[in-house]
Amino acid sequence: MSNTDTAPAEVTCGASTFSGVLHAREVPLGGPRAILVRRTLPQRERSLIGAWCFADHYGPQDVRSGVGMDVPPHPHTGLQTVSWLFSGEVEHRDSAGVHAMVRPGELNLMTAGAGICHSEVSTPATSILHGVQLWVALPDAARDTGRDFAHFVPTPRTIGGATLRVFLGDLADCRSPVHTFTPLLGAQLDLDPGSALTLDVDPAFEHGVLLDQGAIEVGGTAIDIADLAYQGPGRSELNIVNRGDGPARAILLGGPPFGEQLVMWWNFVGRSHEDIVAYRKLWQANDARFGDVKGYQGKIARLPAPPLPNGRLQPRG
């Protein structure tokens, strides 16, 4: 998914002492009539959870009588995109030649590496569009790797009053075979009304719980829909309680603190101001670094990059 902000803010990603709950902000996806997404990462208070550097949460959005998702070909560098749906269907095309469908409960992971471009369009069969789009920053040693794509359908596992779908990493004896360049955890958690879930987690990881529906407490702290609760490293358990009368659903993210300086601007992840300037110049010049998407039928052939800010982009760490 693209960050379609016409004036994207500089995001300097690195260490943070924040611990608590992050609240989302609404961002239009694809123009004035497009759907709104709720962006939880990055924020000034916390830009990363492990290598997770971007989290958009959208829907449930009825797209039968309006504009659904239609994101023209756009570039990425230095990251992996993770697409995960609760309902609907999205058509993915990229410059590695991949044409795939994103469906509920199925992981699609695209590796941008040195450069890729892709498009995302909700299909005519979609009535309700609902899901999350996540980015993972690649470590410096792997950020210029080749383009790649992986698809995986996790088997649901029931633990007490909860169902887990582990799409990346390891949790509760469930393991995803999908390769990542740093240790990561990604899972969907569905909790029955009144259920309490205690998960054994890696104490080297920091964790985030993004609430999609219902009302839950994470470590004794109540969060609302679209909130992301953060738990720092050093704890071997994660406690989640469904405090509502209906079912609850959340996305669990985790990983060891990333420990590298990053600069993230628009759809590019780099390490310096010069990286971002170079990536933008190459995209605007239609350079082969990003390739071309075949088969996209939208009105805009490719998404132009917004102007760079006046100041110098600064990393931190």
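Reply: What follows starts with the cysteine, goes on to the rings, and ends with the protein as a whole.

This is a predicted model, in which local features need pLDDT of at least 70 and side-chain atom pairs count only at pLDDT 80 or more, while totals for chains, interfaces and linings use all residues. Residues are numbered from 1 along each chain as its sequence is written, and side-chain values use heavy atoms, with hydrogens and water left out.

Cys-117 sits in strand β11, which covers residues 116–122; strands here are DSSP runs of E with at least two residues, helices are runs of H or I with at least four, and both are numbered from the N terminus. With a relative accessibility of 2%, Cys-117 counts as buried, a word that stands for under 20% relative accessible area, with exposed for over 50% and partly exposed in between (1.4 Å probe, protein chains only). Leaving aside residues up to four places away in sequence, Cys-117 touches His-74, Pro-75, Arg-93, Asp-94, Ser-95, Trp-283, Phe-290, Gly-291, Asp-292 and Val-293, where a contact means heavy atoms within 4.5 Å.

Two of these neighbours, Trp-283 and Phe-290, are both buried as well. The search of the whole structure finds seven aromatic pairs. In the pair of Trp-283 and Phe-290, the ring centres are 5.6 Å apart and the planes stand at 90°, so the arrangement is edge-to-face. Rings of Phe, Tyr and Trp (its six-membered ring) pair if their centres lie within 6.5 Å, and planes under 30 degrees apart count as stacked, over 60 as edge-to-face and the rest as tilted. Trp-283 and Phe-290 also belong to one aromatic cluster, together with Trp-265, Trp-266, Phe-268 and Tyr-279.

As for the protein around this site, its secondary structure comes to one helix and 27 strands, and buried residues make up 56% of the 317 residues. Of the contacts with a separation of 6 or more, 73% are accounted for by residues 24 or more positions apart. The radius of gyration is 19 Å, which agrees with the value near 20 Å that a compact globule of 317 residues would have; the radius is taken over C-alpha atoms, and the globule rule is 2.2 Å times the number of residues to the power 0.38.
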